[in-house]
Amino acid sequence: MEENVSMKQPKLEREHRLRGIALVSVVSALMLTLLLEALDQTIVGTALPRIVSQLHGFDRYTWVVTAYLLASTAMVPLVGKLSDQFGRKWFLVVGVIIFLLGSMLAGASQSINQLIAFRALQGLGAGIGIALVITVIGDIFTAAERAKWQAAFGAVYGFANFVGPAIGGWLTDHGPLLNIFVTEATRWRWVFYINLPVGILALAALLICLPSNISIRSSRYSGWNAIRHIDFLGAVLAAAATTCLLLGLTWGSAQGGSWGSPLVIGTLVAAVILYVLFFITEHFAVEPILPLSLFRKRVFTASALLTLLQGMVLLGLAIYLPLFFQRVQGMSPTNAGIFIIPFSISIVIGSLIAGFVVSTSKRYQMVTIVGTLVMTVGAILLTLITVSIGLLQLATFMVVAGLGTGALFSTLTIAAQNALPRSQLGVGTAAIKYVGQLGPTLGVAIVGTVVNHTLASANGLQLNTSSMQSLTATAIQHGFVAVVVFAVVAIIVACFLKDLPMVPTPPQEETEDTAITQEVDLSVRS
């Protein structure tokens with residue numbers, strides 16, 4: 001009986017292939033969903049000082065950002081697996097609804113604790129989108145078509161990170177007033193309310209145009225039997241391990257020299273224990289949240305490691321370049337944000353160029369290797385920054401690093417998805433996005449530790465402004481040396497990627513047998 005259902009499913013899905021206005025509507029909705037969820041990772045930063053002055057609670061300042069990050073990251077692996085088992089449409093729709101509800105409540109918050117709780121709710125919805133937006137692109141388009149579309153979505157993500165701080169600052173200073181609801185002092189609420197009209201448009205398009213059977217369901221069970229086989233224990237362990245890891249890294253890096261504190265050590269040890277228990281659980285689970293068999297695929301494992309390393313490089317640079325502009329060059333935060341624009345724009349351009357090349361050549365290994373090489377050269381150049389460096393020269397260094405980093409946005413998810421059977425597209429893409437969420441936190445923690453260690457050498461010394469600027473420049477140089485190490489490791493890992501053929505088969509007709517055939521075909525060619 002189950003075999004008959006699985007045989008009929010491809011035909012059913014062929015009848016629901018997206019075309020015309022439905023295709024345009026769904027892709028636009030997915031882009032808007034990604035844009036909003038990526039914006040909310042950065043848009044709040046420039047509004048936080050005003051928010052804290054209104055709601056108080058400066059001691060919980062960073063939790064407004066941390067709550068969103070924790071909730072979204074913990075949600076990614078769970079929803080990826082469930083979407084494979086039960087279909088993607090309604091998970092994505094519910095995710096958008098949760099995100100919009102969290103946005104509305106966050107904008108109406110009357111205390112800092114309320115804001116933190118509603119930011120966590122936003123994060124839960126965003127985690128669903130982070131896991132599923134790119135996965136649905138994999139459902140809609142063939143492997144050969146995905147490159148150009150994922151390049152476009154990578155550009156959207158880069159654009160969101162680029163404009164997020166500026167939009168947050170503008171809304172905080174100049175957002176519209178609504179009499180008693182939004183006053184001069186509470187314009188920051190528009191940082192959250194702005195999600196509502198755009199998000200409702202995206203929600204409507206997904207509800208109307210996205211077929212409920214857009215994906216191939218992997219579950220061998222149905223009804224209550226399928227629910228009983230959900231990997232609840234794995235989900236709890238994954239969420240707990242993620243929370244402990246991110247908290248330990250955040251606390252350790254944010255408080256210079258606190259890595260030896262019992263709280264940080266205990267949290268990180270707990271993370272290790274929980275991850276070990278998680279992997280043991282996944283080995284025995286009937287429907288594991290993260291099938292360990294994925295990591296037997298060399299292309300998938302290399303893509304996951306490269307995603308982690310790219311995130312470590314990207315945030316390691318993006319956090320400490322503004323610090324260099326402000327503490328060494330003496331710029332205001334606004335001007336520092338302006339001078340970081342070349343780095344942000346080059347990431348978008350790098351993603352688009354790489355996507356075009358992969359789409360044309362149908363090969364991603366060489367593009368990935370070139371991207372990691374360019375990224376490494378850019379990181380090496382940035383280790384040369386000094387107090388006296390010219391802004392044009394520094395902008396050139398940033399552009400080189402940004403082009404290489406951006407190129408990886410277009411290649412890594414493509415490589416991972418191309419190595420997977422369609423029945424594991426959701427869980428595999430979610431695993432890539434999960435390590436992509438962990439990478440930035442890990443990178444900032446390591447680079448921050450190196451920078452803080454160098455700055456700590458001046459403790460107790462009376463330094464003038466010039467000496468302090470020189471010391472800060474040296475500390476950031478040392479931090480960027482750590483970034484170079486991440487990039488060099490990425491070059492080595494990139495050499496382990498393999499070009500699997502991008503078959504032109506429509507995605508709804510592709511099955512696990514197709515993916516297996518790809519790997520066999522490659523081994524024959526080798």
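Q: Which residues touch the most other members of the largest nonpolar core?
A: Happy to start there, with the reminder that this is a predicted model. A nonpolar core is a set of buried nonpolar residues joined through side-chain atoms. Here the largest such core has 80 residues, and L30 and I51 touch the most other members. Helix α6, residues 112-140, gives the most to this core, with 13 residues.

Q: What does I51 touch, leaving out residues up to four places away in sequence?
A: Contact here means heavy atoms within 4.5 Å. By that reading, I51 touches V44, H56, L115, W188 and F192.

Q: Which residues does the second, separate core include?
A: V367, M398, A475 and A487 are among them, in a core of 57 residues.

Q: How many helices and strands does the protein chain have?
A: Secondary structure is read from DSSP runs. In this case the protein chain has 20 helices and zero strands.

Q: What share of the contacts in the protein chain with a separation of 6 or more comes from residues 24 or more positions apart?
A: Such pairs account for 81% of those contacts.

Q: Let me return to helix α6. Is T135 buried or exposed?
A: A residue is called buried when its relative accessible area is under 20%. T135, which lies in helix α6, has a relative accessible area of 0%, so T135 is buried. Beyond its neighbors up to four places away in sequence, T135 touches R88, Q417, L425, G426 and T429. Across the protein chain, buried residues make up 55% of the 526 residues.

Q: Which residues make the nonpolar surface patch of about 750 Å²?
A: Patch members must have over 30% relative accessible area. This patch is made by I265, V269, V272, I273, V276, L277, I280 and F284. One of its members, V269, lies in helix α12, residues 262-284.

Q: Why does V269 count as partly exposed?
A: Partly exposed covers the range between buried, under 20%, and exposed, over 50%. V269 has 44% relative accessibility, so V269 counts as partly exposed.

Q: How many disulfides does a search of the whole structure find?
A: A disulfide is a covalent bond between the sulfur atoms of two cysteines. The search of the whole structure finds zero. As for individual cysteines, C244 counts as buried at 18% relative accessibility, whereas C495 counts as partly exposed at 46%.

Definitions and conventions. Residues numbered from 1 in each chain as written. Predicted model: local features only at pLDDT ≥ 70, side-chain atom pairs only at ≥ 80, totals over all residues. Heavy atoms only, no water. Patch = residues over 30% accessible without salt bridge, like charges linked within 9 Å, V, L, I, M, F, W, Y side chains within 5 Å. Areas by Shrake-Rupley, 256 points an atom, 1.4 Å probe, with all protein chains shown as cover. Salt bridge = Lys/Arg side-chain N within 4 Å of Asp/Glu carboxyl O. Helix = DSSP H or I, 4+ residues; strand = E, 2+ residues; numbered from the N terminus. Buried < 20%, exposed > 50% of the residue type's maximum accessible area, 1.4 Å probe, protein only. Core = buried A, V, L, I, M, F, W, Y, C linked by side-chain atoms within 4.5 Å. Disulfide = S-S within 2.5 Å.
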